[in-house]
Amino acid sequence: MTERDAPRALAHPEADEIRLEGVLHALSDPLRLSIVRELADQGVELACSDFVLPVTKSTTTHHFRVLRESGVVRQTYRGTAKMNGLRREDLQSLFPGLLDTLLTAAAAQESRLAERPPAQTP
């Protein structure tokens with residue numbers, strides 16, 4: 001196998017290297033939280049291109065990198081697609097109930113904000 005044919009590997013923290021403050025930082029951004037919510041809702045790996053995000057490609061790449069480096073997602077290449085999977089088992093083992101609690105809170109917040117009447121402009 002030549003170097004060109006070798007599978008591309010991305011750096012991920014081992015489970016014991018995942019830190020609570022890193023996970024909370026990664027999920028503190030609304031866009032990254034929406035990515036994680038989508039992964040949790042789908043329950044399968046999704047390609048980066050499956051997400052419709054209101055930012056540039058380079059900013060999207062940054063958000064996925066933060067999620068990967070914090071240990072929230074695992075990214076693997078399948079051909080030219082970069083697949084993203086939620087590291088639910090690792091997170092549950094390290095921080096029992098945290099991910100589900102945050103996802104439930106995010107859904108409740110979304111519902112609460114959707115019920116607000118639109119702000120009136122003068």
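Aspartate 100 is partly exposed, at 38% relative accessible area (buried means under 20%, exposed over 50%, partly exposed in between, with a 1.4 Å probe and protein chains only). Its partner in a salt bridge is arginine 88, with the closest N and O atoms 2.7 Å apart (a salt bridge is a side-chain nitrogen of Lys or Arg within 4 Å of a carboxyl oxygen of Asp or Glu). This pair ties together distant parts of the chain, twelve residues apart: arginine 88 sits in helix H4 (residues 88-94) and aspartate 100 in helix H5 (residues 98-115). Helices (H or I, at least four residues) and strands (E, at least two) are DSSP runs, numbered from the N terminus.

The model is predicted, so local features need pLDDT of at least 70 and side-chain atom pairs 80 or more, while totals for chains, interfaces and linings use all residues. Residues are numbered from 1 along each chain as its sequence is written, and side-chain values use heavy atoms, leaving out hydrogens and water.

Six salt bridges turn up in the whole structure. Another one joins arginine 78 to glutamate 45 at 2.4 Å, N to O. Here, too, distant parts are linked: arginine 78 belongs to strand E2, and glutamate 45 to the loop between H2 and E1, 33 residues away.

As for the sheet, three strands make an open, antiparallel arrangement in the order E1-E3-E2 (two strands pair if DSSP finds at least two bridges between them). E1 (46-47) and E2 (73-78) are the edges, each with a single partner strand, so one side of each has no neighbour in the sheet.
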